[in-house]
Amino acid sequence: MKLFNRDEAYKLTDDLLSAIKNRGQGTLEAFEITPAIYDEIFEELERSGEIVANLTPPPYSVAFKPDVTGRIPFACYETEADTHTYRIACQLWAGGIKTDLTLIADYTEEQGTPALAFRLLETQ
């Protein structure tokens, strides 16, 4: 896998989650989230039973390290479709504890400009 700025990917993922929590209209569009997609995201968050305002990325100190099951809380994978795009699978946390929610997004660094595009929110 090519090297990429995982710190920037982590920051953008935190920004994406903040935009979802705050329904930041201009910011949501930057992450390719339409109003209809936002409604679906919010429905999934409500179904999860988690308090949306409490959700965060995993703590940075453990984000890139496998847990006891071997899962990496903030995993990055090169995609087959585009070698300049990385798939991010970010396990969401609340109150310092892992949740069953995973935020999936695509990270790119085209022409030196990092960007993140929301793809999916799933319950594991």
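Modeller: What follows treats the helix, then the salt bridges, then the strand pairing.

The model is predicted, and local features are reported only at pLDDT of at least 70 and side-chain atom pairs only at pLDDT 80 or more, whereas totals for chains, interfaces and linings use all residues. Residues are numbered from 1 along each chain as its sequence is written, and side-chain values use heavy atoms, with hydrogens and water left out.

Helices (DSSP runs of H or I, at least four residues) and strands (runs of E, at least two) are numbered from the N terminus. Helix α3 comprises the 14 residues 35–48. From first to last C-alpha the helix α3 reaches 20 Å, close to the 20 Å expected at 1.5 Å a residue; the expected span is 1.5 Å times one less than the number of residues. Tyr38, Ile41, Glu44 and Leu45 are the buried residues of α3. They lie on the same side of α3, because the arc they cover around the axis is only 125°, the arc being that of the directions from the helix axis to the C-beta atoms. The other side of α3 carries the exposed residues Pro35, Glu40, Glu46 and Arg47. Here buried means under 20% relative accessible area, exposed over 50%, and partly exposed in between, with a 1.4 Å probe and protein chains only. The cover over the buried residues of α3 includes α1 (6–22), α2 (25–30), β1 (55–56), β4 (97–110) and β5 (113–123), where contact means heavy atoms within 4.5 Å. After α3 comes Gly49, with a positive phi near 80°.

The charged pairs come next. A salt bridge is a side-chain nitrogen of Lys or Arg within 4 Å of a carboxyl oxygen of Asp or Glu, and by this rule there are 7 salt bridges. Within α3, Arg47 and Glu44 form one at 2.8 Å, N to O; these two residues are 3 apart, about one turn of the helix. Arg47 is exposed at 59% relative accessible area, whereas Glu44 counts as buried at 15%. In α1, Asp15 forms a salt bridge with Lys11, the closest N and O atoms being 2.8 Å apart, and the two residues are 4 apart in that helix. Asp15, at 27% relative accessibility, is partly exposed, and Lys11, at 42%, is partly exposed as well.

A further salt bridge joins Asp106 and Arg87, at 2.4 Å from N to O. This pair links distant parts of the chain, with Asp106 in β4 and Arg87 in β3 (residues 85–94), 19 residues apart. Salt bridges that share partners join Glu32, Arg87, Asp106 and Arg119 into one network. Asp106 counts as buried at 10% relative accessibility, and Arg87 as partly exposed at 32%.

The strands themselves are paired, two strands counting as a pair if DSSP finds at least two bridges between them. β3 and β4 run antiparallel and are joined by 9 bridges; Ala94 has Ile97 in β4 as its bridge partner. The hairpin of β3 and β4 has 2 residues between the strands, and Gly95 there takes a positive phi near 60°. β4 and β5 also run antiparallel, with 10 bridges, and Glu109 has Pro114 in β5 as its bridge partner. The hairpin of β4 and β5 has 2 residues between the strands, with Gln111 in the turn at a positive phi of about 50°.
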